Amino acid sequence: MNHRAHPAPAETARVPAQTRSGETAREATGHPAGTPAARGEHTHCESPIPQPRPAVQRASVRGQILDALRTALASGELTPGEVYSAPALGERFGVSATPVREAMQQLALEGTVEVVPNRGFRVVERGARELAELAEVRALIEVPVMMRLARSVPAERWAALRPLAEESVRAAAMGCRATYAEADRAFHRAVLTLAGNEQLVQIAEDLHRRAVPLRGGRADLMADAGEHAALLEALIAGELDAVRRLVAGHFAAAG
């Protein structure tokens, strides 16, 4: 959620290479895995049992590429304002252009890239005003929900979220914005999940992805993660005034 973070060098995400658009080597020869490759291996005139093609493999590759692209965006490896083509990114990740194009279309729906006809996809640039507007929208959604949960959720359920708050602190200490963005998102997702509203969780996550900035440093990440820990302790203690102050300040600083 933090909008002050600055990228530290992050490792380039890698995705296993495809074999002919997701086919295995055995499938590429026309022999599905698990069936004999040579003639005459079937006995008693039995027909070979058709093996289903791994239909989920392409979706799996697309999902891996989507995760890799999100990491590259959060780390600043993909530069705002730059246009990237699906074939070039496919070569970079060792896959065909098709799963890259499909993943980029998903990112376009999320608002982190935009389609440039006949060229590829441009990484969206967000100025200070747009980031502040996104922070305001997040606050309008999340602050009332957190305050309602603060009055109704028992202390032991808040205490169960301590590992996520601690993970965000560890991620901040690493100084990697991409790693911290995921830890931050996981913490907020867990808090909002307590409301039992999946639509709310999805909208909040979409806003979070749009709001990842390309500024700030490790100290900003540490400060943001520290706010997670302080907020959680206030929720566990049932200190509503402290919760209100912390959660409002959390989003105000983000903008």
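Trainee: Which residue in β3 is the bridge partner of V83?
Mentor: R122 is the bridge partner of V83. Keep in mind that this is a predicted model.

Trainee: And what is the bridge partner of E114 in β3?
Mentor: R122 again: E114 has R122 as its bridge partner in β3.

Trainee: OK, what order do the three strands of the sheet have?
Mentor: The order is β1-β3-β2. The sheet is open, and the pairing is antiparallel.

Trainee: Why is one side of β1 and of β2 left without a neighbour in the sheet?
Mentor: β1 (83–84) and β2 (113–116) stand at the edges, and each has a single partner strand, so one side of each has no neighbour in the sheet.

Trainee: How do strands of a sheet pair, anyway?
Mentor: Through backbone hydrogen bonds, either parallel or antiparallel.

Trainee: How many bridges does β3 make with β1?
Mentor: Two, with β3 covering residues 120–123. β2 and β3 pair over four bridges.

Trainee: What sits between β2 and β3?
Mentor: Three residues, in a hairpin. Look at N118 in the turn: its phi is positive, about 65 degrees.

Trainee: New topic. How far apart are the end C-alpha atoms of helix α5?
Mentor: They are 36 Å apart. Helix α5 (residues 128–152) has 25 residues, so at 1.5 Å a residue it should span 36 Å, which agrees.

Trainee: Where is the kink in α5 centred?
Mentor: On A139, and the kink is about 30 degrees.

Trainee: Which residues of α5 are buried?
Mentor: Among them are L131, L134, A135 and R138. E142, V143 and M146 are also buried.

Note on methods
Residues are numbered from 1 along each chain as its sequence is written. This is a predicted model: local features need pLDDT of at least 70, side-chain atom pairs count only at pLDDT 80 or more; totals for chains, interfaces and linings use all residues. Side-chain values use heavy atoms; hydrogens and water are left out. Two strands pair if DSSP finds at least two bridges between them. The expected span of a helix is 1.5 Å times one less than its number of residues. The bend at a residue is the angle between axes fitted to the seven residues ending there and the seven starting there. Buried means under 20% relative accessible area, exposed over 50%, partly exposed in between (1.4 Å probe, protein chains only).
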